[in-house]
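Me: I have a structure open here and I'd like to go through it slowly. Can you help me find my way around?
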Amino acid sequence: MDVLVIGAGAIGLSTAISLAEAGLSVTIRTAVPPAQTTSVAAGAVWGAVKVGPPDRVLGWGRTGLEVLSKLAAEPGTGVRMAAGREVSRGPLEPYYWTRLLTDLRDCEESELPDGFTNGWHYTAPLATMPVYLDYLRARFERAGGTLEVSPVASLAGLAGQAPVVVNCSGAAARDLVPDPAVVPVRGQVVIAANPGIEEFLVSRDPEPPWIVYMFPHGDTVLLGGTNDEGNWDTDPKPEIAERIVAGCAAIEPRLRGVEILGHRVGLRPWRPEVRLESEPLGDGVLWHNYGHGGAGISMAWGCAAEITSAVLG
């Protein structure tokens, strides 16, 4: 074994794939299978939400946009190019990273939901996460990788197991590293039958810990959500689900009385800045790759490429 990767969410799987496809022997160790990681609860549209630092985020985001756009053209990946809107009842300025989007434009008045005054429209990769995670796992195994469901108690205890260890433990890095700068941001979403919604919508009106968004995935639509900092609870709460549906239905009337199919909760691993750096571990090297906030899917391939390049030297 050349590399041991800790974690099997979008970050861990993308990193492991990049290293395995470069010809290295890679094993993933994970506390839960990919389909049970935080990544499964993601929306998941490309964008640099709750992630830093800006200069590195632009590079990682550009790579992620390129890779995901290519995957959108391949069947079975769970990724497609989707059009959508971000809207607000007040003034709205595009984020710095939206310069990477080629078709960003202001919304026409007719495109704004009732009560909203500003917004922009764009196209970006959108992933149906259960399908995308299955695709990533299969791609990793096709590249010769091995996935073991086996929790890691300590990073120090991994010394000598592989020349390179990559820590992609997400919110768990707070205790595993330990790194007190990592804060879980609880996100709860509702999966509903899609009443005909074709474009995604995100409300940018700040109302922590609540946010409103809807991402259509064919016959289903993912409704959100929450931004609850410091909350480790991964059990869906019925009263929160009710508020999520009500908040979405207030913007999109077709969602009133919609059939509810399921609930998901994920813990976004927020940190003031992504930690992507190495340190010695015994006779080998330990790479850290965590703290991607709400942008794991978007940053994953850029961070993976940076680590692979460094490991190959």
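Reply: What follows is a walk through parts of this predicted model.

Me: Thanks. Which residues touch the most other members in the largest nonpolar core?
Reply: That core has 63 residues, and the ones that touch the most other members are Val5, Val26, Tyr132 and Val166. Its largest share, seven residues, comes from helix H1, which covers residues 10–21.

Me: And what does Tyr132 touch, leaving out residues up to four places away in sequence?
Reply: With those left out, Tyr132 touches Leu68, Leu71, Thr77, Gly78, Val79, Ala127, Ile297 and Trp301. Apart from this core lies another one, made of 22 residues, and among them are Cys107, Val221, Ala249 and Leu255.

Me: Back to H1 then, at what angle do H1 and H6 pack?
Reply: Two packed helices are described by the angle between their axes together with the distance between those axes. For H1 and helix H6, which covers residues 296–312, the angle is about 35° and the axes lie 8 Å apart, and H1 passes H6 in a right-handed crossing.

Me: Which residues meet there?
Reply: From H1 they include Ala10, Ile11 and Ser14, and from H6 they include Gly296, Ile297 and Trp301. Taken by kind, the residues of the contact of H1 with H6 divide into eleven nonpolar, five polar and no charged.

Me: New topic: where is Ser39, and is it buried or exposed?
Reply: Ser39 sits in the loop between strand S2 (26–30) and helix H2 (54–71). It counts as buried because its relative accessible area is 12%, which is under the cut-off of 20%. If residues up to four places away in sequence are not counted, Ser39 touches Gly9, Ala10, Met129 and Leu133.

Me: Now strand S15, how many of its residues are buried?
Reply: S15 covers residues 284–290 and is mostly covered, since five of its seven residues are buried.

Me: In which sense does S7 pair with S15?
Reply: Strand S7 (residues 164–167) pairs with S15 in the parallel sense, over four bridges, and Asn167 stands opposite His288 in S15.

Me: What about S14, how many bridges join it to S15?
Reply: Seven bridges join strand S14 (residues 275–281) to S15, and these two strands run antiparallel. Here Ser278 stands opposite Trp287 in S15.

Me: Which residue takes a positive phi in the hairpin of S14 and S15?
Reply: In that hairpin, which has two residues between the strands, the residue with a positive phi, near 60°, is Gly282.

Note on methods
Residues numbered from 1 in each chain as written. Predicted model: local features only at pLDDT ≥ 70, side-chain atom pairs only at ≥ 80, totals over all residues. Heavy atoms only, no water. Core = buried A, V, L, I, M, F, W, Y, C linked by side-chain atoms within 4.5 Å. Buried < 20%, exposed > 50% of the residue type's maximum accessible area, 1.4 Å probe, protein only. Contact = heavy atoms within 4.5 Å. Axes fitted to C-alpha atoms, helices over the stretch in contact; angles between N-to-C directions. Left-handed = near helix turned anticlockwise from the far one by under 90°. Nonpolar A, V, L, I, M, F, W, Y, C, P; charged D, E, K, R; others polar. Pairing = 2+ DSSP bridges.
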